[in-house]
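Dear colleague,

Please find below the sequence and structure that I am handing over to you. My notes on what was found follow directly after it.

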2 protein chains.
Amino acid sequence: MASALTEAGGRTRLFVEEDLAEGAAFALGPEQSHYLLHVLRAKSGDRVLLFNGRDGEWQAEIAAARRALTVACRVQTRRQAGVPDIWLLFAPVKKTPADYLAQKATELGAARLQPVFTRRTIVTRVNRERLSANAAEAAEQSDRLSVPQTPQPVTLEKALAAWPAERRLYFCDEGGEAQPLAEAARGTSGPAAILTGPEGGFDPAERAMLRACPFVVPVTLGPRILRADTAALAALAIWQSVAGDFT
Amino acid sequence: MASALTEAGGRTRLFVEEDLAEGAAFALGPEQSHYLLHVLRAKSGDRVLLFNGRDGEWQAEIAAARRALTVACRVQTRRQAGVPDIWLLFAPVKKTPADYLAQKATELGAARLQPVFTRRTIVTRVNRERLSANAAEAAEQSDRLSVPQTPQPVTLEKALAAWPAERRLYFCDEGGEAQPLAEAARGTSGPAAILTGPEGGFDPAERAMLRACPFVVPVTLGPRILRADTAALAALAIWQSVAGDFT
């Protein structure tokens with residue numbers, strides 16, 4: 001009987017930390033081993049695709065053991081390729097929308113997911129492990145060769161104080177004068193970032209602080225009120241479509 | 001003590017079926033009455049905003065009764081305004097992603113949410129009541145003056161056979177040659193629709209059938225594999241940003 005792995009046409013992809021090169025072989029961790037053995041019923045000789053964010057994508061052969069599986073790289077199937085240099089800065093949201101946001105932003109090709117605490121942010125803790133796990137899983141399923149960076153949360157003040165001047169920061173502002181994002185970003189190149197706020201929006205002092213920064217470009221996402229996670233995903237999709245790799 | 005309704009600055013919005021006009025007064029249904037009375041602790045004299053998709057938005061005054069609340073229209077706060085004429089045709093997805101899809105698509109300004117059964121669609125039933133309820137709630141919260149239409153699900157064949165020729169149908173195709181959606185839609189006007197497929201994509205016969213229709217425009221959403229709901233929301237956001245009301 002063919003394993004579920006074979007039936008999937010060898011398209012199962014795993015994100016690993018180890019270096020990938022011809023002849024490289026190593027044991028998979030317990031979670032990935034469990035998934036392959038007990039969910040996909042992997043057998044010795046089955047193939048999977050591996051990527052680590054550095055060495056491209058490799059087809060590897062599984063050698064079964066009792067509990068841990070070993071994989072041996074056979075051939076590189078794709079060279080390493082990154083995503084456009086776009087960061088998403090977002091005010092943390094509750095658990096379920098946070099999972100969703102991490103997955104969708106990864107599919108949409110964000111290079112970095114940066115939680116930012118603002119004055120009206122209600123959520124006070126970010127589960128970074130969960131954020132990374134969601135990003136890795138979405139990278140596996142969306143054919144990415146890299147997992148977004150998920151740095152420590154910072155306050156908005158600190159993020160702006162340490163901001164790299166050459167990176168344009170599109171500030172999705174619900175009030176006040178602003179250009180549509182598609183117009184502001186169309187045809188631009190170079191590093192960029194998108195900032196979306198919490199459910200209650202940014203407070204007036206934050207808005208003034210943002211608008212005073214030379215690298216900040218205030219933008220609008222249309223006439224309706226978008227939830228925090230909708231705004232983040234819409235902005236990413238729009239940016240990719242006019243300045244990123246949807247073009 | 002001020003009610004939660006007053007504290008919210010009178011921004012509570014309710015979608016109703018009744019006609020709205022100066023002096024119009026009627027009882028709210030049990031769910032809305034419960035929400036106002038027991039969640040927001042509404043009192044006689046409190047104000048809410050009402051819309052029905054036809055008569056604009058009205059500020060109304062609450063008259064408390066024991067169980068059902070009565071509302072009386074006072075003044076029109078906004079004239080009726082629609083959303084751009086963009087439909088979303090989507091292969092039904094499981095319950096949680098379906099809720100999410102209905103809410104987000106409403107926020108992003110879809111005029112119609114049309115479930116479409118394709119050959120690889122796994123979900124076989126659509127809970128239309130739930131779809132409408134999600135759309136109505138998202139319309140209330142996103143400041144829309146209309147709720148998207150949620151017609152009966154149809155098969156892809158039937159949808160195409162009855163298609164109005166003047167409506168461009170952007171077919172989000174994962175394989176094959178296609179223009180980026182932003183390029184295909186930029187600066188266009190007139191009725192449009194977006195079609196996204198199920199998790200497994202469209203099958204070859206469906207793709208051939210779609211590409212043979214004169215009103216179909218095959219488009220791409222970039223190099224990564226997007227989940228069904230991500231693709232639908234990304235496409236709507238992009239369309240709104242180049243041809244809809246984000247511009």
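A definition is needed first: helices (H or I, at least four residues) and strands (E, at least two) are DSSP runs, numbered from the N terminus. Please also bear in mind that this is a predicted model.

Most residues other than glycine have a negative phi. The phi of A:Asp143, however, is near 75 degrees, a positive value in a residue other than glycine.

**Chain A in outline**

Chain A contains 8 helices and 12 strands. Its C-alpha trace spans about 60 × 35 × 30 Å along the principal axes. Of its 247 residues, 42% count as buried. Taking the contacts in chain A between residues at least 6 apart in sequence, 74% join residues at least 24 apart.

Helix α8 (residues 228–243) of chain A deserves a separate remark. How many of the residues of α8(A) are buried? The count is 16 of the 16, so α8(A) is largely enclosed by the rest of the structure.

A:Ala63 belongs to strand β4 (residues 57–63) of chain A. Leaving aside residues up to four places away in sequence, A:Ala63 touches A:Ser44, A:Thr70 and A:Ala72. A:Ala63 and A:Phe26 are 37 residues apart along the chain, and their C-alpha atoms are separated by 9.9 Å.

**The sheets of chain B**

An open sheet of 5 strands in chain B has the order β1-β3-β4-β5-β2, with mixed pairing. Its edge strands are β1 (13–15) and β2 (25–27) of chain B, each of which pairs on one side only. On average, neighbouring strands of this sheet are turned by 40 degrees against each other, direction ignored. β1(B) pairs with strand β3 (residues 47–51) of chain B in the parallel sense, over 3 bridges. Within that pairing, B:Leu14 has B:Leu50 in β3(B) as its bridge partner.

Another open sheet of chain B has 7 strands in the order β8-β7-β6-β11-β9-β12-β10, with parallel pairing. Here the edge strands are β8 and β10 (179–180) of chain B, each pairing on one side only. β10(B) and strand β12 (residues 216–220) of chain B pair in the parallel sense over 2 bridges, and the bridge partner of B:Pro180 in β12(B) is B:Thr220. α8(B) packs on this sheet, where it touches β6 (86–90), β9 (168–172) and β11 (192–196) of chain B. The direction of α8(B) makes about 160 degrees with that of β11(B).

**How the two chains meet**

The contact takes 30 residues from chain B and 30 residues from chain A. On the side of chain B that touches chain A, α3 (95–107), α4 (128–142), α6 (181–185) and α8 (228–242) of chain B each supply at least two residues. Which element gives the largest share of that side? The largest share, 8 residues, comes from α8(B). By class, this side of chain B has 15 nonpolar, 8 polar and 7 charged residues.

A rotation of 180 degrees, with 0.0 Å of shift along its axis, superposes chain B on chain A (RMSD 0.0 Å). The two copies are thus related as by a two-fold rotation axis. Of the residues of chain B, B:Ile238 comes closest to the rotation axis, at 2.6 Å (C-alpha). Finally, 100% of the interface residues of chain B are also interface residues in chain A, so the copies meet through the same surface.

With kind regards

Technical notes:
Residues numbered from 1 in each chain as written. Chains lettered and ligands numbered in written order. Predicted model: local features only at pLDDT ≥ 70, side-chain atom pairs only at ≥ 80, totals over all residues. Contact = placed C-beta atoms within 7 Å. Nonpolar A, V, L, I, M, F, W, Y, C, P; charged D, E, K, R; others polar. Least-squares fit on C-alpha atoms with pLDDT ≥ 70 in both. Pairing = 2+ DSSP bridges. Axes fitted to C-alpha atoms, helices over the stretch in contact; angles between N-to-C directions. Buried ≥ 20, exposed ≤ 12 C-beta atoms within 10 Å, placed from the backbone.
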